[in-house]
Amino acid sequence: MSSRLTALTTFCVVAFAVLATLTAAVYASDAVNERQQRQQVDVFSNRALLRAELVTSEADSALRQLMSYPDTPCTNDHMQRLQQVEEQFRYIREVASTHDMQLRCSSLRGAVDIALPPPEWAYAGGFTAWHTEVGKRGNERQMLNVRLGNHVVVIDPRFYLDIVPLDDTIKLTVLETQDGGVISSWPHTDDALVRAALKRTGSSPYFEGRYYVVERSSRYPIAVVAYEPEDRMRRDVPAQLRTLLPPALVLSAIGTWLVLRWRRKLRTPRNAMLQGIRRRQFVAWLQPLVSLESGRCVGAEALVRWKLEDGTIVAPDTFIPMAESLDLIEPITDQVIRSVFEGVGATLARRRDLHVSLNLAGKDLAGTRVLETLKASLAKYAVRPEQIWFEAIERTLMDTASSAPVLEAFRAAGHRIFIDDFGTGYSSLSYLQALPVDGIKIDRSFLRSLASGEEMNKIVPHIIEMARSLDLLMVAEGVETEAQAQYLRGRGVQFAQGWLYAKAMPADEFLRYLEREAARTRET
Ligand code: C2E
Ligand code: MG
Ligand code: MG
């Protein structure tokens, strides 16, 4: 995928994620707000009803007390009585006495003579009620008058809804239930809506475009209707999203940049290799090693392969130099060892005639760490140290003063050491003498020139002679033809490895290779 397409795809994915999250968050918070607001409506209507009942009960008690006044109305004594009642009840603003349809005296105004307006409502038990207007022009207020017998109490209707309006978007009204007359309501309440709610016969609360609560009093002919403003929050969601769009796109751009940077960082060879190590993607394949004399398999060389996630097999020439330069070769060596024992450990324990040869890198030869790692596996699988050989290329052994003691330690532990790719490097006799090794592996480049009877490269006889004089074992690498094998056998080379016998293969395949060979041997 081109980098521009990757960036675009990443941006789309990030933007989608950001917008989806924001939309979900907006809707979720909207739903929470909605729920909270409905709870408020429930709480307010409940409190309002309690307050309305309290005010009504005062009017009721005051009027019933005054009913029992036995003497002549509007005397000093009666006036005193009216004032006492007015003071006694918190919500009553004025108490008056009537005769026929005339107001005769009042606790506030003394003796008066005012015609009573026709009542707006009449209730069972003889109660009537109506509104009057008080206050100066432009500042008029409605007062509620309730009459029983010859007395009237005047109440400020605001007392009916005298609760703290913590949420002034909620609409609240107290009504009388007989014909839906509004006693008191909060500002901007729609009387038509409230009356319709009161007339409705279904259960409360209910939802009809908005949330309504109708609370009817069981004691008095009053009710409270409360409702929330029409779907205010929900209508706002698209608008909120539109506002959030520009910052969301900026956020997505930043997110894309971070993701791409992070991906680039992840794609470094070091990270790829570390990930491979973590996921144990380094496995040992095995290439059989054959005795030239008997023609039988005597062991195998462990050759590392990097098995990528998608199944691709990467050859060691590509990544071993990189692992060495990144200082990651040691964990890879450990994985090769683990992989060898997991694959063929049990077979090695059964077949003492077989060995596995492990390749060591320069770093592995800096100390005896590999020996420590190996010890546990040898014990676990009951494999003998002499069944594990090691190969080191000449280059890593150049500093003979420091490598000799390490090689000595490997040999002291019971392992054999071979110089790998012999002939491609320093390869002098004095150098061979100075190193405690058991044998050499003749590099495959020397065998290439031998094609169908042609004389072998001039160097090969020389190398063989050198090794024989030092009593070293020899493994010829890259043997591809019978002619090569014959030549090497004739010169006293003990072991051979190459495509003539088999290529490197996974451990389970190597086990089948051994089984086939054992079956052939039994037949002959
Ligand atoms: P090497 O140790 O000299 O390994 C022998 C290489 O020759 C292997 O290549 C093997 O597949 C190849 N080969 C064997 N027979 C033939 C043949 O008949 N013809 C041809 N053309 N090639 C043949 P491979 O597996 O690609 O390994 C390459 C090198 O990678 C190895 O050379 C070794 O230096 C390194 N290596 C492999 N495994 C490890 C390991 O576990 N650790 C370390 N440090 N290096 C390793
Ligand atoms: Mg090797
Ligand atoms: Mg080699």
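A donor here is an N, O or S atom within 2.8 Å of the metal (3.2 Å for Na, K and Ca), and water is not among the atoms, so sites may look incomplete. This is a predicted model, in which local features need pLDDT of at least 70 and side-chain atom pairs count only at pLDDT 80 or more, while totals for chains, interfaces and linings use all residues. Residues are numbered from 1 along each chain as its sequence is written, chains are lettered from A and ligands numbered from 1 in the order in which they are written, and side-chain values use heavy atoms, with hydrogens and water left out.

Helices (H or I, at least four residues) and strands (E, at least two) are DSSP runs, numbered from the N terminus.

The magnesium ion (ligand 2) has E301 (OE), N359 (OD1), E391 (OE) and D420 (OD) as its protein donors, 2.0 to 2.3 Å away. Along the chain they are spaced E-x57-N-x31-E-x28-D. Since E301 belongs to strand β14 and E391 to strand β17 (residues 388–393), that pair ties together parts 90 residues apart in sequence. What do the two ions share? D420 coordinates both, and the ions are 3.9 Å apart.

| Residue | Relative accessible area | Class |
|---|---|---|
| E301 | 3% | buried |
| E391 | 1% | buried |
| D420 | 6% | buried |
| E477 | 8% | buried |

**Around ligand 1**

Ligand 1 is surrounded by 22 residues, and the closest are E301, D420, R444, E480 and W499; being near takes a heavy atom within 4 Å. Polar contacts are pairs of N or O atoms within 3.5 Å. One oxygen atom of ligand 1 lies 2.5 Å from a side-chain N or O atom of R444. For the side chain of E477, the distance to an oxygen atom of ligand 1 is 3.0 Å.

**Helix α13**

Helix α13 (residues 507–523) has 17 residues and spans 25 Å between its first and last C-alpha, close to the expected 24 Å; that expectation is 1.5 Å times one less than the number of residues. Which residues of α13 are buried? They are A507, F510, Y513, L514 and E517. These cover an arc of only 105° around the axis, which puts them on the same side of α13; the arc is that of the directions from the helix axis to the C-beta atoms. They pack against β13 (282–291), β14 (297–307), α7 (329–350) and β22 (505–506), with contact meaning heavy atoms within 4.5 Å. The face turned away from the buried side carries the exposed residues E515, R522 and E523.

The peptide bond from S204 to P205 is cis, with omega near 0°, and P205 lies in the loop between α3 (191–199) and β10 (206–207). R280 isn't a glycine, yet its phi is positive, near 50°; R280 is partly exposed at 48%. D471, also not a glycine, has a positive phi of about 65°, and at 70% relative accessible area D471 is exposed.

Notes
Buried means under 20% relative accessible area, exposed over 50%, partly exposed in between (1.4 Å probe, protein chains only). A polar contact is a pair of N or O atoms within 3.5 Å; within protein, one must be able to donate a hydrogen and the other to accept it, and residues adjacent in sequence count only if both atoms are side-chain atoms.
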